[in-house]
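Work through each task before reading its solution.

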Amino acid sequence: MQLALFLIFGGLAVAGALNLLLQKHPINSALSLVVVMMSLAVLYWSLGAEFLAAAQVIVYSGAIMVLFVFVIMLLNAGEEERTTGSRAAYIAGFPGAAAIFCLLSFVFLSESKALGLANLGGQLSHATNNISEISSVLFTKLLLPFEVTSILILVAILGAVVLARKEQ
Amino acid sequence: MRPLTPFLTFLLLSILKIVVVLVITLTAVAYTVLLERKVLGRMQNRWGPSRVGPFGLLQPLADGIKLFLKEDLMPLASERPLFIIAPIIALACSLVSIAVVPFGAIQNVKGVDIFNVANVNIGLLVILGITSIGVYGIALSGWSSNNKFALLGSLRATSQMISYELALGLSLVGVVLRAQSLSLRDIVSSQSAHGALSWNIFGGFQFVAFFVYLVAAYAETNRSPFDLPEAESELVAGYHTEYSSMKFAMFFMAEYANMITVSCVATLLFFGGPSSPFGHLIPAFGGAIVQAILPILWFVLKVLAFLLLYIWVRGTLPRFRYDQLMGFGWKVLLPIAMVNIIVTSLVLALRA
């Protein structure tokens, strides 16, 4: 059951990501990104991280991507023009992507003992409440990074307010 | 006959639950429309629908047949795939969230909780997440129909829903703090000690949160007094201007299904869900079956009261202006919700 879910939604995530690159219209690309986010959320859930899955849906597909779509609608961006693309992208891009893929898979395969194996759906069967675990870690061990991140976001909000304010 | 395996029993009972809940929800949607037309009619000193069937009770059926038989228009300059998928997203999202709502006391039949389609331990977050996905239906419908009025309506709807979602989410935090859980069952059982006195709105002192939730929920469902996205006098019909036949009906059903979901959530979080307001004052009467059905009756009664409140508000209040709407959401509701969180958590910390 969990394996089937993993295969379906993993495939959907990859297909959505490819569609994001291949679509000509920005709104279609944005919507494929939403599909990717949603399938990632399902993958998180099937690994037993239900809070992360819900946060992924609410924050990324529910708030950030809605803003993306909103801006694209507001600017009424047309279809992008097809260019042949710069040669540097082809020369550096494909080997670079291949190299990163090889490096990551090498690391994951060679260090698989140290990293441990993912237990598909294993966390779902026994009733651990991972919200309380996440929050206790977040507010004890990781308190400083948490607060620093919130200050960073506050600075960004203030910057947006300054930029959006009209000149007197 | 061989006995079924546990997995097969679970599967069959789940499918049965889903079918029953879906049929009941769709019927409730149809009759909410009729209720609104009748009650609104009486408020405006007229009869409302009264011709089809006794008291106009078959009117939803007639409406359904009419909408099915209408011509399905497809604007030439529309984005075809998005135009078709937008009402589907809207309706699907509004129907899915009913799945996590527990509408009766816990009743296990062969290990399956029959009065709750899916008992998820983050039920509240699931509802919030699905609501936030529902925005896409409205945003895409306006953009893909390639019509100025539809685009303006959907822009208004999207910005309104994004803004009020914050206040909505924050108003629920006080309740979650009191219940110490995001599971809707736990939230309901945290209010079931002394009947109405231990409901979050009375005993929990969450009436500020309830007010914020109610206002934000009206804005989320694009209902009056926040129905700017479909303001007839300015925008023809808003985001569904170009839709006809069943596609229009899907938006219509999505709006009413959202109303029902919002009423269910308000009932669960602030009014004790399916629990009786008298608590244990009334001794248990009847058999086990009566005791199982009674909570469902209470739940339906509370949801119905919220739906009537919706209609009453629509019949009473005038529409907001756009800048008033945004100012009210960001400058009034959001600070109130935050103050409510701080006060609630302080009280809880001092009591602990």
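Domain bounds, as used in the first exercise, come from an automatic or database domain assignment. The model is predicted.

**Exercise 1.** State how chain B is divided into domains, and describe the contact of domain 1 with domain 2.

Solution. Start with the bounds: domain 1 of chain B covers 23-69, and domain 2 of chain B covers 71-275 + 286-351. Next, take the C-alpha centres of these two domains of chain B, which lie 22 Å apart. Then count the residues in the contact: domain 1 of chain B gives twelve residues and domain 2 of chain B gives 15 residues. On the side of domain 1 of chain B that touches domain 2 of chain B, two elements give two or more residues, helix H1 (6-43) and helix H2 (59-69) of chain B. The largest share of that side, ten residues, is from H1(B). Sorted by class, the side of domain 1 of chain B has nine nonpolar, two polar and one charged residues.

**Exercise 2.** Describe the secondary structure and burial of chain A.

Solution. First count the elements: chain A has eight helices and zero strands. Read from the N terminus, the order is therefore α-α-α-α-α-α-α-α. Then turn to burial: 17% of the 168 residues of chain A count as buried, the cut-off being 20 or more other C-beta atoms within 10 Å. Finally, consider contacts in chain A with a separation of 6 or more; residues 24 or more positions apart account for 63% of them.

**Exercise 3.** Determine how H2(A) and H3(A) are oriented to each other, and list what meets in their contact.

Solution. Helix H2 (residues 26-46) of chain A packs with H3(A) at an angle of about 175°, and their axes are 8 Å apart. Angles over 145 degrees count as roughly antiparallel, so H2(A) is roughly antiparallel to H3(A). Residues of H2(A) in this contact include Ile27(A), Leu33(A), Met37(A) and Trp45(A). Among those they meet as a group in H3(A) are Leu52(A), Tyr60(A), Phe68(A) and Ile72(A). By class, the contact of H2(A) with H3(A) has 19 nonpolar, two polar and one charged residues.

**Exercise 4.** How many residues does each chain give to the contact of chain A with chain B, and which helix of chain A gives the largest share?

Solution. Chain A gives 16 residues and chain B gives 16 residues. On the side of chain A, helix H3 (residues 50-75) supplies the largest share, 13 residues. That side of chain A divides into twelve nonpolar, three polar and one charged.

Key: Residues numbered from 1 in each chain as written. Chains lettered and ligands numbered in written order. Predicted model: local features only at pLDDT ≥ 70, side-chain atom pairs only at ≥ 80, totals over all residues. Contact = placed C-beta atoms within 7 Å. Helix = DSSP H or I, 4+ residues; strand = E, 2+ residues; numbered from the N terminus. Nonpolar A, V, L, I, M, F, W, Y, C, P; charged D, E, K, R; others polar. Axes fitted to C-alpha atoms, helices over the stretch in contact; angles between N-to-C directions. Parallel < 35°, antiparallel > 145°, perpendicular 65-115°, else oblique. Buried ≥ 20, exposed ≤ 12 C-beta atoms within 10 Å, placed from the backbone.
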